[in-house]
Amino acid sequence: MPISLPSALSPQAEERLRRVRLLLVDVDGVLTDGGLYYGNSGEEMKRFDVKDGAGMWIAGKLGLEVGIITGKTSEVVARRAAELGMTRVVQGAMEKSAALDGLLSDGKYPLNEVAFMGDDVLDLPVMRRVGFSACPADAHEAVRGLVHHVCSKGGGRGAVRELVDLWLQATGKLPEFMKRFGWEETPHA
Ligand SMILES: [Mg+2]
C-alpha cells in the first residue's frame with residue numbers, strides 16, 4: 001500500500017473493525033483537543049481538525065456512517081454535524097449508553113457493527129457495549145486501558161482521521177478510496 005498508517009491494529013481489533021458500519025464519536029477531547037473557549041458575550045467556540053472532517057466525509061462516501069454522542073450541548077456542534085451531513089447526533093447525553101440505545105433504535109446497526117471513540121470515563125459504558133472501541137492518544141488512562149485501539153494522534157489532532165484510515169485498510173477499501181479521490185499509485189515525476 002502506498003500510504004503507511006501511523007498505528008497498527010492487533011489482528012483481533014482488525015477483525016472487529018472490519019465489521020463496523022457506524023462510527024460514533026464523542027466531541028470534547030475527541031473531535032477537539034478538549035479546550036472549551038468561552039467569550040465574554042456568552043459565545044462558545046471549539047477548534048475542529050480539518051483532516052478529521054475530511055476523514056468523516058470520506059467515510060460516509062465509502063459506507064461508514066458517522067455520528068456523535070456528546071455530554072455537552074452547543075450550537076457549534078450542531079453546525080459541524082450539519083456540515084458533515086450527520087443525522088445520528090445526540091447532544092446533552094449525560095448517560096451516553098441511553099443515547100446509544102436511542103441512536104440505534106431503528107435497528108439498522110447491531111452493536112457489533114458500531115464503533116465508538118471517546119476520551120474519558122463517561123464514555124466507558126458505551127465503549128463496553130459496541131463492537132469496536134478506540135480513543136485518542138491523550139485519553140484518560142482508564143479509557144486507554146480498556147479500548148480495542150489507542151490512536152497515535154490526540155483528540156482534535158487527527159485521531160478520528162487515523163481511525164477512518166484504519167477502517168479503510170481493515171475493510172479493504174483503501175484502493176477504492178485512492179481511485180475515487182484521485183490518489184495515484186505511481187508518484188509524480
Ligand atoms: Mg470527551
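The largest pocket in this predicted model has a volume of about 170 Å³. Pockets were searched on a 1 Å grid over the protein atoms alone: a pocket is an open set of points where a 1.4 Å probe fits, with protein on both sides within 12 Å along at least five of seven lines, and a lining residue has an atom within 4 Å of a point. Grid points are joined across faces, edges and corners, and the volume is the space filled by probe spheres set on the points. Of the 12 residues that line the largest pocket, Lys51, Lys153, Arg161, Glu162 and Asp165 are the closest to its centre. Helix H7 gives the most to this lining, with three residues; helices (H or I, at least four residues) and strands (E, at least two) are DSSP runs, numbered from the N terminus.

Residues are numbered from 1 along each chain as its sequence is written, and side-chain values use heavy atoms, with hydrogens and water left out. As this is a predicted model, local features need pLDDT of at least 70 and side-chain atom pairs count only at pLDDT 80 or more, while totals for chains, interfaces and linings use all residues.

Asp165 is itself found in helix H7. With a relative accessible area of 13%, Asp165 is buried, where buried means under 20% relative accessible area, exposed over 50% and partly exposed in between (1.4 Å probe, protein chains only). Asp165 and Arg129 are 36 residues apart along the chain, and their C-alpha atoms are separated by 23 Å.

Setting aside residues up to four places away in sequence, Leu17 touches Leu9, Phe132, Leu163, Leu166, Trp167, Ala170 and Thr171; contact means heavy atoms within 4.5 Å.

The magnesium ion is coordinated by Asp26 (OD), Asp28 (O) and Asp119 (OD), at 2.0 to 2.2 Å. Along the sequence, these donor residues follow the spacing D-x1-D-x90-D. Donors are N, O and S atoms within 2.8 Å of the metal (3.2 Å for Na, K and Ca), and sites may look incomplete because water is not among the atoms. Asp26 is buried at 4% relative accessible area, and Asp28 also counts as buried, at 15%.

Strand E7 (residues 132-135) holds Ser133, a buried residue with a relative accessible area of 1%. Leaving aside neighbours within four places in sequence, Ser133 is in contact with Phe116, Met127, Leu146, Val147, His148 and His149.

Turning to the cysteines, the count of disulfides (pairs of cysteine sulfur atoms within 2.5 Å) comes to zero. Cys135 is in no disulfide, and the nearest cysteine sulfur, that of Cys151, is 7.1 Å away. Cys135 counts as buried at 0% relative accessibility, and Cys151 is buried at 2%.

By contrast, Glu75, in helix H3 (residues 75-83), counts as exposed at 69% relative accessibility. Glu75 and Glu43 are 32 residues apart in sequence and 9.3 Å apart in space, C-alpha to C-alpha.
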